[in-house]
Amino acid sequence: SEQVRGLCGTFNGDQRDEFTTPEGDVEPGVAAFANAFRAAGACPALGPGIPDPCDGFPGRRERAEAACAVLMGPAFQ
């Protein structure tokens, strides 16, 4: 607890600071937070909306939804 920082959050029980950037700023949205960790030139910056991961793999939606159902189920609550 309170020993991590970065893409995995801060793990300090305060959800308001989960999107803390390497510079110490707290971003309000996912895209700005993710872009703060992006290596320049390595990949395109994310836009303001969250892309649907299934758009890139249209044949895998059913499998992905089944996997998410397990993660969102009672075993992980």
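Colleague: Why is Asp 14 called partly exposed?

Modeller: In this predicted model, Asp 14 has a relative accessibility of 25%.

Colleague: What makes the contact of Arg 16 and Asp 14 a salt bridge?

Modeller: The N to O distance between the side chains of Arg 16 and Asp 14 is 2.9 Å. The cut-off is within 4 Å, so the pair qualifies as a salt bridge. Arg 16 itself is exposed, because its relative accessible area is 69% and the limit is over 50%.

Colleague: How do you know that Arg 61 forms a salt bridge with Glu 65?

Modeller: The closest N and O atoms of Arg 61 and Glu 65 are 3.8 Å apart, and the rule asks for within 4 Å. Arg 61 and Glu 65 are separated by about one helical turn, because they are 4 residues apart in helix H2. By this rule the count comes to 2 salt bridges.

Colleague: Why is Pro 48 called exposed?

Modeller: Its relative accessibility is 87%, and exposed means over 50%, so Pro 48 counts as exposed. Pro 48 lies in the loop between helix H1 (30–36) and H2.

Colleague: Which residues form the nonpolar patch on the surface?

Modeller: The patch consists of Val 70, Leu 71, Met 72 and Phe 76, with about 470 Å² of accessible area together. Phe 76 is found in the segment after helix H2 (61–71). With a relative accessible area of 54%, against a limit of over 50%, Phe 76 is therefore exposed.

Note on methods:
Residues are numbered from 1 along each chain as its sequence is written. This is a predicted model: local features need pLDDT of at least 70, side-chain atom pairs count only at pLDDT 80 or more; totals for chains, interfaces and linings use all residues. Side-chain values use heavy atoms; hydrogens and water are left out. Patches are made of residues with over 30% relative accessible area and no salt bridge: like charges are joined within 9 Å, nonpolar side chains (Val, Leu, Ile, Met, Phe, Trp, Tyr) within 5 Å. Accessible areas come from the Shrake-Rupley method with a 1.4 Å probe; for residues, only the protein chains shown count as cover. Helices (H or I, at least four residues) and strands (E, at least two) are DSSP runs, numbered from the N terminus. Buried means under 20% relative accessible area, exposed over 50%, partly exposed in between (1.4 Å probe, protein chains only).
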